[in-house]
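Welcome! Please take a look at the model below, and then we will walk through it together.

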Amino acid sequence: MGYVDRTQLAEFLRGRRSRVQPDDVGLVGGARRRTPGLRREEVAALAGISVDYYTRLEQARGPRPSRQVLAALARALRLYEAERQHLYHLAGEVPEPPARPSREVPAGVLHLLDRLDDTPAYVIDAKYDVLAWNRMAVALLGDFAAIPEPDRNIVWQAFCGPRPVDRYPGPDVDEFAEQCVADLRAASARYPDDPGIRQLLDRLRANSPEFVRRWQQHRVCVPRRTTKRLHHPVVGEMELECEPLDIADRGQRLVVYTAAPGSRSAEALRLLNVVGTQWSWPSPAPEVR
């Protein structure tokens, strides 16, 4: 166990408590409060600890909090992932891994998707579930909404969808498959208790010998190339830059497709923006070249 910084721990708890409003945690605000945020007794009740114990923590005179207490406080105070890790470090503990990746896309990211009206973009979680997308993503990759939610996963589509990777060999396809499997293995280690990851792995193992073969290679780090060559059924060949951008504290990534200015692919994207989603096929399975 490490050193407990009781002074900073107390300041951190007070600051996070003042940020959380009663409505955020299902409590009735009631009469006007002298200070913003939750009361100490409300945090204690949400965390399942005594008011006296929590008060002593905020006064920098409490005992070393256990990992169970830290986890309960993190939930009660609605801490972001980086804040949760900071809480553990202040208490001299190694942070526990988060239980599961978040499926809630931040409102700001959803607004950004809407504003990218000429750029295909979508959001995936750590196991490659597609959580949100914009109109141009549908025009480029297909209608995600037409896919049943359990199958709305890029790894599942890659190995068990209409165009599985083992039927369309090629260096780009092979690289994409390796990335998918390596990222899924890393996600399974980061979120060992997530039932969604376990269910996805069970389905893939039962339905794709190619996935099993690659999974058994135990690769967690593969070279990444952001350039993707696609054959689109309406606008033809395209060479796009595929940039995955991490969304902090969510276990999510915003994936954006762009083309070099003045290139044929940029013209193809502009044409696709005009064509829109009228032609879109019902499954996101572009032909990778």
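## Starting with one residue

In which helix does Ala76 lie? Ala76 lies in helix α4; helices here are DSSP runs of H or I with at least four residues, strands are runs of E with at least two, and both are numbered from the N terminus. Ala76 counts as buried, at 5% relative accessibility. The word buried stands for under 20% relative accessible area, exposed for over 50%, and partly exposed for what is in between, using a 1.4 Å probe and protein chains only.

Which residues does Ala76 touch, leaving aside its neighbours within four places in sequence? They are Val25, Leu38, Val43, Leu46 and Ala47, where contact means heavy atoms within 4.5 Å. Ala189, for its part, is 113 residues from Ala76 in sequence and 26 Å from it in space, C-alpha to C-alpha.

## How to read the model

This is a predicted model, in which local features need pLDDT of at least 70 and side-chain atom pairs count only at pLDDT 80 or more, while totals for chains, interfaces and linings use all residues. Residues are numbered from 1 along each chain as its sequence is written, and side-chain values use heavy atoms, with hydrogens and water left out.

The pLDDT is the predictor's confidence in each residue, from 0 to 100. The protein chain averages 87, and 92% of the residues score at least 70. Over residues 282-289, pLDDT stays under 50, and the model has 30 contacts beyond four places in sequence for this stretch. Where pLDDT is low, the predicted coordinates should not be read in detail.

## The chain as a whole

Twelve helices and six strands form the secondary structure of the protein chain. Its C-alpha atoms fill a box of roughly 65 × 45 × 30 Å, taken along the principal axes. Of the 289 residues in the protein chain, 49% are buried. Among contacts between residues at least 6 apart in sequence, 61% join residues at least 24 apart.

In α5 (81-90), the buried residues are Glu81, Glu83, Arg84, Leu87, Tyr88 and Leu90. They pack against α1 (6-19) and α4. Just after α5 comes Gly92, which takes a positive phi of about 75°.

Is Ser265 buried or exposed? Ser265 is buried, with a relative accessible area of 9%. Leaving aside its neighbours within four places in sequence, Ser265 is in contact with Met238, Glu239, Leu240 and Ala259.

## The largest pocket

The largest pocket has a volume of about 1200 Å³. On a 1 Å grid over the protein atoms alone, a pocket is an open set of points with protein on both sides within 12 Å along at least five of seven lines, and lining residues have an atom within 4 Å of a point. Grid points are joined across faces, edges and corners, and the volume is the space filled by probe spheres set on the points. Of the 42 lining residues, the closest to the centre are Arg100, Pro101, Ser102, Arg103 and Asp249.

Which helix gives the most to this lining? That is α10, with five residues. By class, the lining has 19 nonpolar, five polar and 18 charged residues. Here Ala, Val, Leu, Ile, Met, Phe, Trp, Tyr, Cys and Pro count as nonpolar, Asp, Glu, Lys and Arg as charged, and the others, Gly among them, as polar.

## Salt bridges

Side chains of opposite charge can pair when their charged atoms come close. A salt bridge is a side-chain nitrogen of Lys or Arg within 4 Å of a carboxyl oxygen of Asp or Glu, and by this rule the count comes to 20. One of them joins Arg103 and Asp125 (3.8 Å, N to O). Arg103 sits in the loop between α5 and α6 (107-115), and Asp125 in strand β1 (residues 121-125), 22 residues apart. Arg103 is partly exposed, at 41% relative accessible area, whereas Asp125 is buried, at 1%.

Asp125 also forms a salt bridge with Lys127, with the closest N and O atoms 3.1 Å apart. Another bridge brings together the side chains of Glu178 and Arg219 (3.0 Å, N to O). Glu178 lies in helix α9 (residues 171-190) and Arg219 in the loop between α11 (209-215) and β3 (227-232), so this pair ties together parts that are 41 residues apart in sequence. Finally, salt bridges that share partners join Arg103, Asp125, Lys127, Asp129 and Glu149 into one network.

Notes:
On a 1 Å grid over the protein atoms alone, a cavity is a set of points where a 1.4 Å probe fits but cannot get out, and a pocket is an open set with protein on both sides within 12 Å along at least five of seven lines; lining residues have an atom within 4 Å of a point.
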